[in-house]
Amino acid sequence: MDFSKIEENFQRLKEGEITPKDGLISREDALELFKISRWEDYLKLFKLASQVRDYFIDEIEITSTIHVTNICKITPKCLYCGFAAGTSKAGYYKPFRLSDEDIKRCAIAIERSGICRVSCSSGHGYQGKEVIRALKIVKENTNLEVLVNAGGDLTEESIRELKKYRVDTICCNLETINRELFAKLKPGESLDRRIEICRLVKKYNIELSSGLLIGIGESYRDRVDHLLFLKKLDVDEIPVMGFNPYPGTPMENHPRCSSLEQGKTIAIARLMFPSIRITSPTPTIGPELVQIALLAGASNVATVIPENYPLDVKGVGNPKTGNLREVVRMIRELGLKPKLRDSYDKGGSHKNV
Ligand code: SF4
């Protein structure tokens, strides 16, 4: 693989001859990069992607999570899902819906820990009402930035409501744009509905997060086409989520996506989208492997739980979530700067709410 052309494009970007929206690589380059397998090529790819991230982004963001409800009315359930009630004994399994008071306690604990951003997510069947409820409570009680994720469950009206209550980002993951695969893995859902929601989010000038679930049987071509499609949607954030099987689900025997494969996808996304937020959720890469995502050019680590969190949290994609202290240590070990409030260094995550 010849990296010199990408280096030249990076130089042109720094000199203003091209813009971040142009990206640094073509479709063909991306396909070539997905085929690399020699460690020398991985190191060159990661080095370039990290340099590009560091040129545009000073601090690594950390996003915590509040799971508002795991009661999901989609039937049949998505084949990989271990989050919704009744899907996997390693997940929550029992149905729950957080009370307003619990949402408030979680949000205050997150803010006190030093974290600046939270994701509030719910299953389907509420037309966005559950995430609107959470957003209102978080914004009334904290200064946290809020991403909401209700997948394909939003309506135009609920998007307008979310805007009214100052949502920062709306996430609607397409997971894969291979239609056959989407229909097989998500038989109760519609890809077109999700695409429509992404368009509506942009229509209302709200930051759009939309990510890829990888290692589910898609080809490299599918991944490249998906990233190009996200470019057309003008996404502001791309979560890269490696498949990690939940026991008891129809995909429990499907192999886990390796951290290196996730790193490669993050790095290629970074070269295509030099300046946006690229997210690695800790459960999908494996909380202990966050550094691979950071070496590959990720700029946000998600599903990070502080010590003072008042409830038990399971990850989406893998029950193991990232602990705040561990994540901060891993970011700092690489000479990077985590984005935190002052309360972090005053021991905020050890204080009870
Ligand atoms: S992945 Fe999301 S939409 Fe699918 S069953 Fe699970 S909670 Fe419901």
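**Exercise 1.** Which residues does E175 touch, not counting residues up to four places away in sequence?

*Solution.* Start with the model: it is predicted, local features need pLDDT of at least 70, side-chain atom pairs count only at pLDDT 80 or more, and totals for chains, interfaces and linings use all residues. Residues are numbered from 1 along each chain as its sequence is written.

Step 1. Two residues are in contact if their C-beta atoms, placed from the backbone, lie within 7 Å.

Step 2. By that test E175 touches F182, K186, L212 and L213, with residues up to four places away in sequence left out.

Step 3. E175 lies in the loop between β4 (169-171) and α7 (179-185). Helices (H or I, at least four residues) and strands (E, at least two) are DSSP runs, numbered from the N terminus.

**Exercise 2.** Decide whether E175 and R194 are buried or exposed, and find what the UniProt record says of them.

*Solution.* Step 1. A residue is buried if 20 or more other C-beta atoms lie within 10 Å of its own, exposed if 12 or fewer, and partly exposed in between, with C-beta atoms placed from the backbone.

Step 2. E175 has 25 C-beta neighbours inside 10 Å, so E175 counts as buried. R194, in helix α8 (residues 191-203), has 22 such neighbours inside 10 Å and therefore counts as buried.

Step 3. In the unreviewed UniProt entry, the annotation "binding site" covers E175 and R194. They span 20 residues in sequence, yet no two of their C-alpha atoms are more than 9.8 Å apart, so they gather at one spot. UniProt positions are given in the numbering used here, feature names are shortened, and annotations may be inferred rather than shown by experiment.

Step 4. Leaving aside neighbours within four places in sequence, R194 is in contact with G152, C172 and L174.

**Exercise 3.** Work out how the buried residues of helix α1 are arranged.

*Solution.* Step 1. In α1 (residues 4-14), I6, N9 and L13 are buried. Seen down the axis of α1, the buried residues fall within an arc of 60° (taken over the directions from the helix axis to the C-beta atoms), so they line one face of the helix.

Step 2. An α-helix has 3.6 residues a turn, so residues three or four places apart point the same way.

Step 3. The buried residues of α1 pack against α3 (39-56) and α10 (259-272). The face turned away from the buried side carries the exposed residues S4, E8, Q11 and K14.

Step 4. Just after α1, G16 takes a positive phi of about 80°.
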